[in-house]
Amino acid sequence: MLTRLGPLLTVVLLTGPVAFGLAGTVLPAFGFLPALGGTTLTLDHLRALLAQPAIWTSAAISLATGLASTLLSIAIVMLFVAGWAGTRLFARLQHLVSPLLSLPHAAAAFALAFLIAPSGMLARLASPWLTGWQRPPDLLIVHDPMGLSMMAGLVAKEVPFLLLMVLAALPQVPLAQTRMLAASMGYGRVAGFLGGLWPAVYRQIRLPVFAVIAFATSVVDVAVILGPTRPAPLAVRLVEWMNDPNLAMRHLASAGALLQLAVTALALALWVGLERAGRALCILAVEGGLRMRRDAAVRGMALGAMVLSAGAVFAGLATLALWSFAGLWQFPDALPATFTLKSWIRVLPRIADPLLTTLAAGFLSTLIAGLLSVLCLMREEETGRRPGPALMLLYLPLLVPQVAFVFGLQLFLIYTGTLATMPALVLSHLVFVMPYAYLALKDPWHAFDRRFDRLAAGFGKQRWQRLFLVRLPMMTRAILTMGAIGFAVSVGLYLPTVLVGAGRLTTITSEAVALASGGDRRVVGVYAFWQMLLPMLGFAVATLVPALIFRRFRDMQV
Amino acid sequence: MEGLFLDGVRIALGGRLLVSLTRHVPPGAVLTVMGPSGAGKSSLLAYLGGFLDPAFTACGRALVDGVEITALPAEERHVGILFQDPLLFPHMSVAGNLMFALPESVKGRAERRRRAEAALCGVGMAGLGGRDPATLSGGQKARVALARVLVSEPRMLLLDEPFSKLDTQLRQQMRQLVFSKARESGLPVLLVTHDMADARAAGGEIVKIGA
Amino acid sequence: MPTRIFAAILFVVAAVSARAGEVDPADWHKVVEKARGQTVYFNAWGGSENINAYIEWAAGELERRHGVRLVHVKLDDTAKAVATVVAEKAAGRDTGGAVDLVWINGENFAAMKRRGLLFAPGWAQALPNWRHVDHENKPTILTDFTIPVDGLASPWGMAKLVFFYDSARVEKNALPDSAEALLRWAEAHPGRFSYPRPPDFIGSSFLKQVLTEKVEDASVLLKPVVEEDFQAVTAPLFAYLDALHPVAWRSGRIFPRNYPAMKQLLADGELDIIFAFNPAEASSAIANGELPDTVRSFTFPAGTLANTHFVAIPYNASAKAGALVTANFLLSPEAQARKQDPAVWGDPTVLAMDKLGPQDRARFAALELGPATLAPEELGPALPEPHPSWMERIEEEWKRRYTAEN
């Protein structure tokens with residue numbers, strides 16, 4: 001009856017931290033925090049929050065940048081898939097873009113900053129021969145008040161994520177047939193896809209889109225690196241208040257977290273409205289028989305946006321790599337005056353501990369998430385039911401802004417004396433790894449031909465034999481891919497690591513962002529390399545291991 | 001009673017009765033069930049195999065050689081199945097597929113290997129045990145699937161339109177092979193199909209459901 | 001049987017000493033004994049690689065000499081360590097805290113002292129290496145931002161506000177010699193000066209430097225803020241900032257995040273004048289290839305802010321003995337001399353040369369100051385830090401005025 005425990009354990013392990021965390025955040029917002037003598041409920045803290053300078057501007061920035069970056073990302077992905085799905089170029093770009101999925105947000109943001117800043121790589125390459133600049137221009141590009149560079153950073157990370165989600169949904173729609181059918185009726189590629197397939201695809205990726213909105217409206221690391229500062233987005237100010245030694249600020253931070261919840265909820269509500277409008281437009285176009293036969297411009301633009309967003313991150317990463325080997329590197333030199341291994345030599349001895357913690361937390365949380373996912377999926381099959389509403393709670397950690405509950409979770413861990421312990425860190429990572437693990441495994445699991453299972457039962461094989469000798473081996477690739485995704489998620493987690501690790505358990509990402517506060521580009525370069533390398537190793541294992549184990553079996557290769 | 005006995009089997013979905021059947025199938029004989037899609041053919045097979053979706057309700061019982069298989073869990077029923085597709089395990093060699101199906105009572109690696117090779121020989125596939133199933137032709141795969149189900153020493157055979165995906169010539173050969181093997185082994189067979197030619201080749205009683 | 005009795009005795013001893021809990025720095029021998037095998041979580045700003053490397057070195061030495069495992073918890077803001085202790089006190093965690101040692105001064109020290117979050121008064125003076133400390137000539141060792149230290153923190157290094165410029169780009173003769181002159185200079189060179197966004201420590205310090213220079217009566221700054229007078233006292237400061245921002249880097253629309261960010265901007269040629277609290281910082285950056293070797297230092301003849309930075313032990317630290325041994329090691333002539341070496345860190349020592357033996361004195365004498373470091377006599381007078389309440393109120397006022405553009 002182990003499988004019956006699966007959904008139960010999952011719900012308890014995931015919603016427990018979120019619920020406790022939210023309670024620990026929301027109650028202080030109304031003045032309730034007995035440990036600090038707050039036992040009466042009051043609205044004073046909410047009033048204090050609204051009296052903060054430019055608080056509505058901060059909230060508006062969070063809302064606008066979150067929605068706009070999501071809208072832009074989904075538009076790029078949608079038009080790119082519509083215009084190019086099924087072509088060889090599509091397959092090639094897909095391979096180019098997918099490694100970016102595993103790149104932590106902070107690393108991508110740094111990459112972009114190193115590229116587009118007035119002293120960045122682009123300005124260096126164009127100076128002085130084109131621009132005449134001997135010194136960087138006094139231009140406000142990074143940290144611009146409109147949040148444009150922050151949105152660019154978010155888009156660069158959300159596009160690969162959404163693309164991968166769409167790719168996972170594509171096999172479930174008749175792509176080639178619809179393309180032929182639509183073409184025979186005189187529809188262009190884009191119009192044929194959007195009218196014929198996009199609604200079905202979008203239904204599959206709706207949840208990840210919501211997760212993107214929740215993340216983008218409450219992001220901290222990307223906002224710190226690229227976002228506006230006068231004022232900063234809401235989540236950034238929240239974290240500042242949380243870290244303020246002044247106790248009264250605890251309540252203010254909690255009140256701010258409430259506002260953050262409201263902002264994210266509003267963003268989601270507005271998005272649902274946008275969906276409605278999009279659907280109406282779609283119906284209008286379909287019923288109007290809009291053919292869009294000459295869609296080369298749209299296709300070209302989608303391709304351009306896709307290449308640009310991926311290319312910018314890669315170019316930025318290359319710049320980061322250069323910085324990690326750079327000696328003195330003055331503007332407008334396109335290359336460092338001297339190269340040195342000094343940064344690497346200085347950093348490497350200190351990277352061992354965080355590296356071990358990263359590997360352990362990533363491996364353990366992914367392992368547990370994988371086990372729980374399998375148990376949940378087996379239970380679903382057993383009962384013949386799709387996951388009940390309880391299991392929908394699985395996605396809660398993706399839809400509730402991290403800042404809104406990790407602080408409360410931290411308080412809870414302090415109470416129980418488990419702060420900065422490996423189990424607590426693994427649990428906090430599990431909360432975020434589990435939804436992705438489940439999402440990654442769900443479709444391949446359901447796609448498995450269950451007649452194999454019946455056959456094996458007919459041969460007298462017990463349930464566990466069938467699982468371990470037939471189903472899991474046949475799903476090796478899907479399981480390892482799930483593992484690689486889970487591991488990558490764990491590696492990229494910043495806020496939970498900082499708050500639950502409390503600085504005593506540090507990972508590559510938390511160390512990188514801490515060091516980044518010093519702005520040392522060389523060291524950031526070294527750490528970003530590791531941030532990039534670890535998840536890619538995971539995916540390499542997921543690709544190479546099945547190929548190696550099953551090298552004699554052709555049908556196991558794809 | 002020898003063979004398969006379907007004793008008042010009734011399968012319903014949401015109050016709608018799909019199948020109601022009482023029949024005796026002696027060892028080596030074939031009972032053919034025919035009917036349009038959605039008539040309940042597959043649910044009858046699932047019921048006998050032990051995989052009926054909880055959405056269906058079923059009553060009655062099925063016995064093979066006096067053992068009430070419907071009272072047993074799927075893995076203890078020893079009901080051999082052949083589907084439309086050969087469904088060879090892609091992560092095992094041809095011999096591996098057969099050795100996987102061999103009962104655990106056959107001890108010793110060498111003996112198991114010998115039994116697998118013998119079964120392959122019996123379907124005209126001698127010497128191909130080391131091959132990757134993906135490299136076989138459609139007809140070869142079908143033969144391996146047959147050999148595999150036979151070495152598992154089933155109590156009976158369920159055939160789920162096993163010939164429908166083969167081309168005409170192959171279909172003839174496979175029909176003969178499957179039915180002759182079943183007779184040889186004295187297995188009661190339940191064949192589900194909507195191809196009249198299958199039913200004729202089987203030569204047994206024909207039941208139409210859902211008509 | 002005897003081993004069992006022995007084990008029982010050990011257990012009782014352990015239980016008793018655990019209950020005794022507190023360590024007494026006066027009994028140093030016992031402290032060292034108890035420290036062996038302890039892990040000390042040292043919460044210290046982690047934004048500078050050479051400081052991190054120095055702490056790494058100290059960790060190695062402590063492990064080797066005293067069996068103390070020093071773990072550097074890298075903070076981006078010391079307030080986070082304070083927040084951790086605050087949260088622990090809120091949660092009733094009065095022993096076994098997460099922070100064993102914290103790098104601290106100014107408002108953070110004042111906040112922890114005020115809330116009673118610090119370990120026993122007088123422990124700093126009880127450290128064996130205290131005998132070398134130059135508390136006679138460096139008054140900020142005993143009084144941090146007008147707050148008496150009371151031996152609640154052990155001095156680690158000295159800081160003085162120093163300006164850096166690139167002599168390859170900036171005319172030496174045109175350099176400003178006061179806050180007022182700096183504003184004139186910025187007006188003549190728009191976009192080439194800025195300061196880290198308060199509440200960054202260096203940024204807030206710049207505000208205090210300007211305030212100290214522009215205030216009518218500097219003595220009010222040594223007392224806590226009187227709210228009624230605050231606007232009047234600080235009016236010259238904010239008038240100054242209102243004039244500075246339009247001619248500052250990016251027209252004052254954004255500010256660098258912290259000192260290292262300013263350093264990078266100097267290296268990139270975006271800023272022409274930057275400033276730091278460590279006189280040797282520029283030399284150290286040149287040695288690391290972060291700044292060109294044409295960078296030089298200057299200060300204001302009328303004086304710049306100076307202070308001391310400390311290490312302190314939270315009241316609920318898990319490894320107090322280990323923290324004491326660490327603090328004492330950081331005060332040793334060897335550790336202090338290494339810290340002052342610009343090739344390592346370049347942070348000025350808190351020790352008095354005349355209290356050292358000839359051998360230790362020689363260590364310091366052998367240090368190369370580096371091309372960009374001013375000699376001690378060139379650093380100019382030291383201005384006292386205002387009471388911490390000024391920093392808090394100024395930061396608050398800055399936030400109120402400048403959190404949003406316009």
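How many residues does helix α3 of chain C have, and how far does α3(C) reach from its first C-alpha to its last? Helix α3(C), residues 49-66, has 18 residues and reaches 25 Å, close to the 26 Å expected at 1.5 Å a residue. That expected span is 1.5 Å times one less than the number of residues in the helix.

A few ground rules before going on. This is a predicted model, where local features need pLDDT of at least 70, side-chain atom pairs count only at pLDDT 80 or more, and totals for chains, interfaces and linings use all residues. Residues are numbered from 1 along each chain as its sequence is written, chains are lettered from A and ligands numbered from 1 in the order in which they are written, and side-chain values use heavy atoms, leaving out hydrogens and water. Helices (H or I, at least four residues) and strands (E, at least two) are DSSP runs, numbered from the N terminus.

**Back to α3 of chain C**

The buried residues of α3(C) include C:I51, C:Y54, C:I55, C:W57, C:A58 and C:L62, but C:E49, C:N50 and C:E61 are on the list too. Buried here means under 20% relative accessible area, exposed means over 50%, and partly exposed is in between (1.4 Å probe, protein chains only). Just after the helix comes C:G67, with a positive phi of about 65 degrees.

**Who touches whom**

Two pairs of chains touch, and the most contacts are between chains A and C. Contact means heavy atoms within 4.5 Å. Chain B and chain C have no contact, and their closest C-alpha atoms lie 49 Å apart.

Here are the two interfaces. Buried area is the accessible area (1.4 Å probe) that two parts lose on being put together, summed over both. A salt bridge is a side-chain nitrogen of Lys or Arg within 4 Å of a carboxyl oxygen of Asp or Glu.

| Chains | Residues in contact | Buried area | Salt bridges |
|---|---|---|---|
| C and A | 62 residues from chain C, 57 residues from chain A | about 5,100 Å² | five salt bridges |
| A and B | 28 residues of chain A, 31 residues of chain B | about 2,600 Å² | two salt bridges |

**Chain C against chain A**

Carbon and sulfur atoms give 51% of the area buried between chain C and chain A. On the chain C side, C:E49, C:R250 and C:D268 supply 13% of the area buried against chain A, more than any other three residues. C:D268 also turns up in a salt bridge, its side chain meeting that of A:R521 (2.8 Å, N to O).

Which elements of chain C give two or more residues to the side that touches chain A? They are β1 (39-45), α3, β2 (69-75), α4 (79-90), α10 (259-268) and α15 (388-402). The largest share, eight residues, comes from α4(C). By class, this side of chain C has 25 nonpolar, 14 polar and 23 charged residues. Ala, Val, Leu, Ile, Met, Phe, Trp, Tyr, Cys and Pro count as nonpolar, Asp, Glu, Lys and Arg as charged, and the others, Gly among them, as polar.

**Chain A against chain B**

For chains A and B, 63% of the buried area is on carbon and sulfur atoms. In chain A, the residues that lose the most area to chain B are A:R451, A:R454 and A:F459, together 26% of what that side buries. A:R451 also forms a salt bridge with B:D85, side chain to side chain (2.6 Å, N to O). On the chain A side, α15 (342-383), α20 and α21 give two or more residues, and α20(A) gives the most, with eight residues.

Helix α20(A), residues 451-458, is mostly covered, with seven of its eight residues buried. Among the buried ones are A:R451, A:F452 and A:L455. The buried residues of α20(A) pack against α21 (463-474) of chain A, and also against α2 (74-77), β6 (79-82), α3 (94-101) and α5 (138-151) of chain B. After the helix comes A:G460, whose phi is positive, near 85 degrees.

Is B:K181 buried or exposed? B:K181, which lies in helix α6 (residues 168-185), counts as buried because its relative accessibility is 13%. Leaving aside neighbours within four places in sequence, B:K181 is in contact with B:G122, B:V123, B:L146 and B:L150. B:E111 lies in helix α4 (residues 109-122) of chain B and is partly exposed, with a relative accessible area of 29%.
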